[in-house]
Amino acid sequence: KGGVGVPSLRRGQGVGRGRAGQESMTMASSSAPFEYKARRFAGAHARGICVGWDKLGQRIATGGADSVACVWKVGAGGEAKQETKLKGHKAGGIHGCCWDPNNANLLATASSDRSVRLWDVRSGTSVGKVSTSGKALRAAWRPRGDAIAIGDDKGQVSFVDVKTFQVSSELTRGAGAAGFCWDAAGDALLVANGTGHIEVFDYPALGEPINEVKSHMGEAVCVAADPTGQRFATGGSDAIVSLWDAEAMCCERSFAKFDSTVTSLAFDSSGDCLAYASEDGCIAIVNVGTGGLVHEEVARQPARGLAWSPRGRWLACVGLVGDARDGREVLTIGHLSS
């Protein structure tokens, strides 16, 4: 199959179908002989917000409430060492970070100081800056590498042309708009909103949604597309994660493991595993094919960002407290093996 945006979703065949919860509801029971081992690395932010891997799986970027982006070098065994700190954003915090899918040395950061910066991590310098109308809270680099989608607190998504590093187009969805992601091909943008719907927009045409599904009874908070283009997943304020068939636009199953809002979710590089986190500090990994629980843990603090390496099953997250005595958060890298 192709990306989420092609072929059937672009015709709007899924509108009104597959409401979450009408398919099988999975309580995420344990399955499969997987082993998960995590390592935690100090020196991150007092409050971490976002995390992302470069295209080679050799660097991790983290952003925090301190308005600093940290770049970490990751070894073959999952050991991480802080390589550089990127400073330039004003007070307010870095809420989104994403790497160029074609260049492992370029990183974009989105800040509530109403700006987006482009960094060359080799020199640690800012090589581009663009202002946003609202506080920039989310960032997603188009898989083709030519545009970056930036979401702000006013519900507007701005598309930054990478060559000029200027806003080339905008999509306004109102204050209820939340998380978004590109489909695997970069032909469409999936947007979660406050009414519990996922809207799909053709890119670069934008305009009205080309498809829409009701995914949650409460607010739809986050959405992620798998790298194969076969599925996408959504998380909501109803504490449910829904898994969708991107071709038929119907809900395959829902996971009811948490008691609070689902804040983040991510597919691994094969699309076989899905990780998700909640406000109450729970993290779970499920097998997409079987619906079985692969791993779960409860932390003292919620993980505010999740990201899988593009190479191997290495899961990075920020927001967890490493030492209760000093209360500082750490970068956590976990490895899932079968």
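So, which residue takes a positive phi in the hairpin of β11 and β12? That's G145, with a phi near 90°, and the hairpin has five residues between the strands.

Quick housekeeping before I go on. This is a predicted model, where local features need pLDDT of at least 70, side-chain atom pairs count only at pLDDT 80 or more, and totals for chains, interfaces and linings use all residues. Residues are numbered from 1 along each chain as its sequence is written, and side-chain values use heavy atoms, with hydrogens and water left out.

When I say strand, I mean a DSSP run of E, at least two residues, numbered from the N terminus. Two strands pair if DSSP finds at least two bridges between them.

OK, back to β11, residues 136-141: it pairs with β12 in the antiparallel sense over five bridges, and A136 stands opposite D152. On to β13, residues 156-161, which is also antiparallel to β12, again over five bridges.

Now β12 itself, residues 147-152. Six of its six residues are buried, so the strand is largely enclosed by the rest of the structure. Buried here is under 20% relative accessible area, with a 1.4 Å probe and protein chains only. A147, A149 and G151 point one way, I148, I150 and D152 the other.

Technical notes:
Buried means under 20% relative accessible area, exposed over 50%, partly exposed in between (1.4 Å probe, protein chains only). Helices (H or I, at least four residues) and strands (E, at least two) are DSSP runs, numbered from the N terminus.
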